[in-house]
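Here is a short tour for anyone opening this one up for the first time. Have a look at the picture, then read on.

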Amino acid sequence: MKDMHDMNTSLLEVANLSVTLHTAKTSVQPVDNVSYSVKAGEVLAIVGESGSGKTIMNMAPLGLLPAGVDSEMSGSVRFEGQDLLSAGNGKLRQVRGGEIGVIFQDPLSALNPVRRIGRQIAEISERHLGLTTKQAEKKVAELLALVGLPDPLSRMQQFPHELSGGMRQRVGIAMSLAGEPKLLIADEPTTALDVTVQAQIVELLKDLQKRLRMAIVVITHDFGVVSGMANKVAVMYAGRLSELGSVDDVLLDPVHPYTRGLLKSVPSLDSEIGSEFIGLPGHPPDLSRRIDGCPFAPRCFAALESCREHRPPLLPVPHSAAARVVACPVVLNSHAEAV
Amino acid sequence: MTDPLLNIVDLKTYFRDTRTGQNIKACDGISLDINEGEIVGLVGESGCGKSTLGRTLVGLEDASGGEIRYGGENLLTMHGRKLHTTRRKIQYVFQDPLSSLSGRMTIGQAIEEALIINGERNAAARRARVVELLEAVSLPDQIAERYPREMSGGQRQRACIARSLAADPKVLICDEPVSSLDVSIRAQVMNLFLKLRDEFGLACLLIAHDLAIVRQAASRVYVMYLGRIMEEGESRALYGNPAHPYTQALLSAVPSTNPVEERDRQRILLKGDVPSPINPPSGCRFRGRCPIAQPVCETPPPTIAVDQFHVAACHFPGKLALAG
């Protein structure tokens with residue numbers, strides 16, 4: 001099966017994925033029937049605000065939920081044709097850090113504070129690529145140079161606290177690349193960083209993606225990161241997909257009322273000085289309660305009575321060049337008329 | 001011109017590194033004015049000293065030198081009761097509303113506590129004032145019965161602002177007031193600052209790293225780097241015609257939500273990291289990372305008027321040209 005994979009088939013195929021988390025008091029469903037795919041060499045951005053389920057959706061199938069969280073998953077997550085949900089811990093350990101690299105939001109908490117940086121990265125290459133200690137150390141020096149860390153040989157001897165935030169994130173990226181992944185999952189890779197460093201990291205990821213021909217799934221709440229590096233974007237709200245399409249289609253001509261409202265909420269350097277800020281009314285729903293209709297309906301300008309009763313299906317947007325779906329029949333009708 | 005409400009002159013805040021005994025110069029000679037009813041922005045990257053400056057203004061850090069003049073009088077030489085009553089006029093809003101509110105107090109109790117500290121002895125008057133303050137921040141009065149965990153992030157930050165208003169301040173020092181909030185609810189809090197300025201003439205120092213938010217809200221802005229002001233002036237002029245290479249680099253790094261623009265934009269990518277504030281570079285502090293630094297930059301930069309409305313502390317203001 002594995003050999004049959006070429007550029008046309010998906011590297012990652014997520015179908016009808018739902019994740020339920022159980023706590024002592026209640027159950028919440030942060031991911032509700034989500035499907036998407038990532039081809040080799042593609043950059044997919046998953047955008048949403050806090051609590052939209054974007055991180056859980058990516059971490060749960062890899063077995064990366066915090067210890068003690070009781071989760072239940074349904075649907076399928078196929079990586080190179082193999083379902084990760086039914087894979088055992090052994091297989092997951094082999095994929096994680098190997099064919100799938102992960103960049104964590106907070107680089108400091110992803111690094112062991114009492115071990116030297118070089119050793120921490122080398123360990124991954126040894127395990128996943130079967131390198132000897134010597135080979136692995138050479139590889140680490142190359143990786144640190146690749147992510148733009150000056151003087152890699154002496155950096156390898158340092159501890160995480162000796163580095164600045166930007167350098168730590170570069171180390172985090174080097175670490176995610178140590179197993180030569182085909183797919184990189186980057187969870188808010190720039191959130192803890194300043195704008196100038198953020199620009200450097202986005203440039204670096206774009207450059208690495210081209211050079212190593214990796215696919216990237218970048219999880220973010222920042223449309224700046226999306227427009228800077230993604231080909232495709234999935235917008236999530238309350239655990240569901242609200243819109244999925246090419247980055248140009250979605251960012252330049254958003255269809256779903258949530259996407260539209262969210263994009264308008266981002267202040268830009270072109271906004272009128274002294275003008276009122278634009279936001280969305282209300283707040284996101286409580287995910288421990290069952291939502292029958294559209295979860296965005298209470299905050300939506302276009303909502304009809306029926307929106308609160310039936311879950312809106314993901315429908316294709318007519319007249320769009322690239323594949324594009326939107327979970328809002330109401331605006332889809334008016335959008336079709338406008339085109 | 002009337003005198004500024006808050007007039008900060010050559011303010012220095014140094015911390016002592018206990019290991020080496022050296023001074024960490026977090027704020028190193030900052031002069032800054034805030035006029036009555038004015039929103040002033042203070043931008044810069046982490047570690048530039050902008051939060052230390054804000055904390056020094058409200059007495060959370062001790063100043064090592066300079067003056068903080070409120071209504072013409074220097075707070076740093078004031079004592080006792082007078083200092084106490086003057087300080088109340090300058091209130092602070094923290095970045096994270098959840099950690100600055102007690103989880104065991106309702107919002108009403110938290111605001112009442114602030115009113116008691118400010119000398120309101122009459123319980124009925126306090127309760128009436130709580131309702132007024134909640135109304136001022138556009139929260140319904142039932143919120144008084146709620147605990148912080150029962151509220152959304154935007155509501156919590158507005159409740160914190162209501163509590164700050166209990167002291168009847170003239171200036172709010174807001175350190176990253178919306179950075180912990182989701183994009184779609186930031187407007188609730190930002191519009192509140194505009195409203196408080198328009199309705200109560202409340203001035204505000206808006207400390208933030210988000211350049212677009214500051215530009216939209218503030219009429220004047222200061223750009224800070226490694227303990228010093230690099231460029232200052234009216235937002236329209238400074239953002240429209242940034243002259244200091246650091247300001248230019250900062251602005252060129254702000255991403256756009258337009259993917260087509262993003263693809264062919266030119267960025268000034270800064271090399272290296274911010275140097276240590278223990279031993280900052282002589283002369284211009286930015287020179288080690290500046291793309292157009294010359295030997296003369298080792299001498300203190302002059303403050304040059306870029307145009308009628310803004311100045312830059314740079315030997316070569318406006319000389320960094322963006323390729324393309």
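Which strands of chain B does helix H1 lie across, and at about what angle does helix H1 run to S2(B)?

## A helix over a sheet

Helix H1 of chain B, residues 50-57, lies across S1, S2 and S4 of chain B. Its direction makes an angle of about 65° with S2(B). Keep in mind that this is a predicted model.

The sheet itself is an open one with four strands, and reading across chain B the order goes S2-S1-S4-S5, with antiparallel pairing. At the edges sit strand S2 (23-34) and strand S5 (73-74) of chain B, each of which pairs on one side only. Zoom in on strand S1 (residues 6-16) and strand S4 (residues 65-70) of chain B, and you'll find an antiparallel pair joined over five bridges. One spot to look for is B:Leu6, whose bridge partner in S4(B) is B:Tyr70. As a bit of background, strands of a sheet pair through backbone hydrogen bonds, either parallel or antiparallel.

## Two domains in chain B

Where the two touch, domain 1 of chain B puts in 11 residues and domain 2 of chain B puts in 13 residues.

On the domain 1 side of that contact in chain B, H7(B) gives the most, with four residues. That side of domain 1 is made up of seven nonpolar, two polar and two charged residues.

## Where the chains meet

Chain B brings 37 residues into contact with 39 residues of chain A. On the chain B side, the elements giving two or more residues are helix H7 (183-200), helix H8 (211-217), helix H9 (235-240), helix H10 (245-253) and helix H11 (259-263). H7(B) gives the most here too, with nine residues. By type, the residues on this side of chain B come to 17 nonpolar, 12 polar and eight charged.

## Chain A as a whole

Over in chain A, the count is 12 helices and 12 strands. The radius of gyration of chain A is 21 Å, close to the 20 Å that the globule rule gives for 339 residues, so chain A is as compact as a globular protein of that length. Along its principal axes, the C-alpha trace of chain A spans about 65 × 50 × 45 Å.

Of the 339 residues in chain A, 47% count as buried. Among chain A contacts between residues at least 6 apart in sequence, 62% join residues at least 24 apart.

Methods. Residues are numbered from 1 along each chain as its sequence is written. Chains are lettered from A and ligands numbered from 1 in the order in which they are written. This is a predicted model: local features need pLDDT of at least 70, side-chain atom pairs count only at pLDDT 80 or more; totals for chains, interfaces and linings use all residues. Two residues are in contact if their C-beta atoms, placed from the backbone, lie within 7 Å. Ala, Val, Leu, Ile, Met, Phe, Trp, Tyr, Cys and Pro count as nonpolar, Asp, Glu, Lys and Arg as charged, and the others, Gly among them, as polar. Two strands pair if DSSP finds at least two bridges between them. Axes are lines fitted to C-alpha atoms, for helices over the stretch in contact, and angles run from 0 to 180 degrees between N-to-C directions. The radius of gyration is taken over C-alpha atoms; the globule rule is 2.2 Å times the number of residues to the power 0.38. A residue is buried if 20 or more other C-beta atoms lie within 10 Å of its own, exposed if 12 or fewer, and partly exposed in between; C-beta atoms are placed from the backbone.
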